[in-house]
Structures are given as structure tokens and as C-alpha cells.
Amino acid sequence: MSDTPSLIRRTPWPQGASRPVVTPLQPSVVYASPDPDTLDAQYLGTNPGFTYAREGHPNAEVLAAKIDMLEGAEGGIVTGSGMAAVTAALMGVLSAGDHILGGDQLYGRSLRLMSQDLNRFGIATSLADSTDARAFAAAIRPETKMILLEVVSNPTLRVADFEGIAALARERGILLAVDNTFTTPRGFRPFDHGADIVIHSVTKILAGHSDATLGYVAAKDPALRKAIYDFAVTTGMTASPFDCWLAERGIYTFELRYDRAEANAAALADHLATLPGVRKVLYPTRADHPDHNRAVSLLGARGGHMVSFEIEGGRAQANALTRGAPELAFAPTLGDIGTTVSHPASSSHRNVPLEARAAVGITEGFFRVSVGVEDIELLKSEFTKAVAASQAVRA
Ligand SMILES: *Cc1c(COP(=O)(O)O)cnc(C)c1O
């Protein structure tokens, strides 16, 4: 009966003299080895190849290599989300009794991890003003093991005192972990400025098409890299091969998209500032930005693809603004090819007490824009229309 064809046996992949130019999508969970000796050697790392997708798979490896190249990193890993990458970097390295110090305007879920979850595992946390290295120096404790920083904050686009804080971390022997999602390696490369760990939400502009949820984390020190990798594998932070494949496709055009989105953002910021009803515009390289000098010395001309602004009025005016420009997706994310608008008061900061929001300038009239690659004239006219619609409510 051995010659009976079986539906259950895999049909061999067609071989030919040519090869595909596109990276194949490989969803296989398991990999078959010829014998136990070979498998042994694979687990020891003396034989190349994959064993089980949770431990690693080709599409994740190809994507990680691309981001490694952008960040000047080695052996970075791809995770199932940006938050998985943050969690792996922190929980793979810190132990009960350690203290971690973070910037006070971190990404919302990173703030929650710092303020609620880590404490349950005996890891002490505190936050300090990331625009002031002296505030960081004052918050350091003998057991401080790590600093978590974002270069440009969300949504107020404040620029961290990066050089000051990096110098402090170096002096005190504290690990510096940087979430580089906002700045991207096109704007800033943390490893060139003293970072030990670099983290990304690949979901955002690196993948760039709002169709894949992924993260990335890399460490300079191989021992740290191994600790983070083992934690990510043990806790199942595996990235989907399909998402990795989509993100790889997206990343080929990352530099083109970023440059275009950044040029659009700079022009849109200047345009918004001319519109009646716009009270304030925040863009790092504009002369009226509170951290203008630091932005220019740290980022050069690279102001990034995010712009925030505040209109006159409250929730009614905010509702009218988003309804006034339906083509601008009102969605609480960033880094899509198209422009998206978010309203922190009703999304990322909805659980932040009013006084705390007010302290950083987040009012009902405050919007954050992730600028896309559209024609700038289209963007200007859509925002002109939207802001005018918001101010018409008043009349
Ligand atoms: C979105 C984001 C994250 C989380 O990434 P996910 O892929 O959504 O899990 C972390 N940090 C920053 C700065 C982000 O913008």
C-alpha cells in the first residue's frame, strides 16, 4: 500500500531554474530535522535553521535584519506588538528589588506598565521630567537599574534632554532603554548616542500601512540580548509571519515615506499656525517650540512626521473639526501612509485626571496629527476646512 498517494503528505514545492524575487511567506510552526544529532546541534546554535516558530522564524529574522540595519544594531528581535517589545526589554532584564526610572510623558501603555504592572512584581518605578536631566539625577536611587526614555514625547512633542540623561546613565552605570518609535532611525539613532536598548512599535511608520501589529527590541550587550530574547520566547511574544511579511514589504519604502511625511508635517505645521482659531502649534523644529534649541541640536532639521495643535473652544468645536474633514481619518494611531488625526482628551489621555492633562497642555481643543504622504496642498485645504468648521460652531 506504500505507493498509494496520500492527501496527508505534503506535495513538494515546485523547483525551477529561477527564484522568486519577493521574500517567501513561511507560516510553518515546526521545522523537520533529519535526525536528533542535527536537532541537538540546532538547539546548541552550531547548526543554522529553525525549530519551532515561537523561538524564531524566517519572516521575523528577515524583518529584524532590516531594522538592525536602520538602527546600527545586531541581533534585534521582532515581537508580536510594540508593547511586547517594551515588556520584554523591561521584564527580561529587571528583577524584584530593582528600580526603573521613566520619562513622565511615555506612551500610554508604557506609563501603565510603569505605574501599575511592574510594581506587582516587586520592581520599583518612578517618573521624571524627560526635558530636564537634573530631574532625572534627583530621582536616581542606589537600586536604579534602567532608564526608559522616548526622544520626542506623545502627544505634546517635547524633546528629551537626551545627551544629559545619557551622560547620567553612563556615569551611574544605569542601562538606557529608548523607545524610538516616534523619532525613527531616520530621525535619530539611539545607539549612536549611548543607548543600551532600542525599542520600536513597528506597527507605526516603519511598517507604515496600518495592517500589521509588531514590535522590535535590540540590545548592544549580547548577554542582555539573550535575556530579552529568552523572556520574549518564554512568554510567547512571537510575531505572526504574515505580519512580518507585510512589515518587510512596508519597510522597503520607509525612508521615502518618512521623508515625504516629514516635509509635509513641517509645511502643515506652518500652515496651521496661519489659520484663524488655531491657538498653538507644536512642531519640534519650529522656532516657537518650547524645546526648539534642543530639537535642532539633537535632531538637526529632522522635525519628524507628527504635528500637534490646539484650537479655540472645547468638545463641541473638537467634534466639528473631525466631522469637518471626513477624509482625514480620525483614529488613535500614527504612522499610516495617510494622515490620521487623534484627540488625546477622548483617547490616550481619557483616564488622565484633568489637572494632570492641563499641566501638559492637553485640552479638549488639542489634536495630534500623524502626517501622511498625500499632496501637501490637499492636506492644507482639508485642515483649513476642518478648522473653519470647528470655529463656525461658535457663531
Ligand atoms: C504605539 C506605540 C507603542 C506600542 O506599540 P503597539 O505596536 O501598539 O503595541 C509603544 N511606544 C510608542 C511610542 C508608540 O507610539
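## Strand β1 and its partner

Ile77 has Val217 in β7 as its bridge partner, and β1 and strand β7 (residues 215-219) pair in the antiparallel sense over three bridges, where two strands pair if DSSP finds at least two bridges between them. Strands (E, at least two residues) and helices (H or I, at least four residues) are DSSP runs, numbered from the N terminus.

This is a predicted model, in which local features need pLDDT of at least 70 and side-chain atom pairs count only at pLDDT 80 or more, whereas totals for chains, interfaces and linings use all residues. Residues are numbered from 1 along each chain as its sequence is written, and side-chain values use heavy atoms, with hydrogens and water left out.

## The sheet

Seven strands form an open sheet of mixed pairing, in the order β1-β7-β6-β5-β4-β2-β3. Its edge strands, each pairing on one side only, are β1 (77-79) and β3 (124-128).

## Helix α3 against helix α8

Helix α3 (residues 82-91) packs with helix α8 (residues 222-234) at an angle of about 125°, their axes being 8 Å apart; axes are lines fitted to C-alpha atoms, for helices over the stretch in contact, and angles run from 0 to 180 degrees between N-to-C directions. The two helices, α3 and α8, are therefore oblique to each other, since angles under 35 degrees count as roughly parallel, over 145 as roughly antiparallel, 65 to 115 as roughly perpendicular and the rest as oblique.

In this contact (heavy atoms within 4.5 Å), Thr87, Ala88, Ala89 and Met91 of α3 meet Ile228, Phe231 and Ala232 of α8.
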